[in-house]
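Hi everyone, thanks for making time this morning. Let me put the structure up on the screen, and then we can walk through it together.

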Amino acid sequence: MMREDLDRILITKERIAERVKSLAAEIKKDFGDEDLIMVCILRGSCYFFADLTKELDNFVTLEFMSVTSYGSGTTSSGEVRIINDISCPIEGKNVIVVEDIIDTGFTLSYLKRILTERRPKALKICALLDKPSRRETSIDGDYVGFVIPNEFVVGYGLDYAQKYRNIPEIGILKKDVYSK
Ligand code: PRP
């Protein structure tokens with residue numbers, strides 16, 4: 001039913017799983033056996049966060065944060081606000097922020113700024129998807145799963161109007177679904 005709204009699958013379950021494993025290996029290469037605080041930015045990164053953290057054998061503290069960006073429709077104003085903050089101090093700790101997608105970059109620019117003020121030992125950004133063609137800030141991910149074209153993608157946590165998050169693949173939404 002839900003799937004009928006997809007134009008096509010962009011990234012299969014298998015490719016996601018394989019890439020998640022290699023991202024974990026990249027993180028492991030940088031941090032070795034050090035402890036990590038990994039921060040899930042709700043809600044889009046929930047599945048990616050769950051799968052990625054399970055690929056690491058470090059001691060990982062799981063933290064959750066929700067933010068909202070103002071701006072109507074598809075245009076973001078660049079104003080971001082914290083709805084729920086993480087629950088622990090990060091001073092002197094290794095922190096990895098886990099996002100589903102970097103689009104304009106406003107969300108991560110804001111998060112990077114406020115988390116840096118808390119003086120972590122290291123602060124890295126891990127994003128499953130990157131749409132560089134939409135970027136309006138100079139932020140880049142330290143670990144990026146897939147660079148994708150400017151298509152409306154849903155699934156594996158990504159939504160349109162809160163729907164389609166629970167599709168296990170990443171698909172391109174049919175244009176008539178969001179232009180109705
Ligand atoms: C999406 C996504 C990122 C942000 C990226 O979140 O999860 O957090 O937008 O866009 P940006 O680079 O233009 O800032 P959204 O606000 O849709 O919330 P969600 O994760 O709950 O879907």
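**A walk through the chain**

Let's start in a loop: arginine 119 sits between helix 3 (106-116) and strand 6. Helices here are DSSP runs of H or I with at least four residues, strands are E runs of at least two, and both are numbered from the N terminus. Arginine 119 has a positive phi of about 55°, although it is not a glycine. Its relative accessible area is 59%, so arginine 119 counts as exposed. For that word, exposed means over 50% relative accessible area, buried means under 20%, and partly exposed is in between, with a 1.4 Å probe and protein chains only.

Before I go on, a word on what you are seeing. This is a predicted model, where local features need pLDDT of at least 70, side-chain atom pairs count only at pLDDT 80 or more, and totals for chains, interfaces and linings use all residues. Residues are numbered from 1 along each chain as its sequence is written, and side-chain values use heavy atoms, with hydrogens and water left out.

Now the overall picture. The chain has four helices and nine strands, and from the N terminus they run β-α-β-α-β-β-β-α-β-β-β-β-α. The C-alpha atoms fill a box of roughly 50 × 35 × 25 Å along the principal axes. The radius of gyration is 16 Å, which agrees with the value near 16 Å for a compact globule of 180 residues. That radius is taken over C-alpha atoms, and the globule rule is 2.2 Å times the number of residues to the power 0.38. Of the 180 residues, 44% count as buried.

So what is inside? In soluble globular proteins, nonpolar side chains tend to be buried together. By nonpolar core I mean a set of buried Ala, Val, Leu, Ile, Met, Phe, Trp, Tyr and Cys residues joined through side-chain atoms within 4.5 Å. The largest one here has 30 residues, and Ile27, Phe48, Leu52, Leu129 and Val153 touch the most other members. Helix 1 gives the most to this core, with six residues. Apart from it lies another core, of 21 residues, among them Val67, Val80, Val95 and Leu115.

Which residues does valine 20 contact, leaving aside neighbours within four places in sequence? They are Phe48, Asp51, Leu52, Glu55 and Tyr156, where contact means heavy atoms within 4.5 Å. Valine 20 is found in helix 1 and is buried, with a relative accessible area of 3%. Valine 20 and leucine 52 are 32 residues apart in sequence, but 5.8 Å apart in space, C-alpha to C-alpha.

Let me finish with some backbone details. Most residues other than glycine have a negative phi, and most peptide bonds are trans. Glutamine 162 is partly exposed, with a relative accessible area of 44%. And where is the cis peptide bond? Look at the bond from leucine 42 to arginine 43, with omega near 0°. Arginine 43 is in the loop between strand 2 and helix 2.
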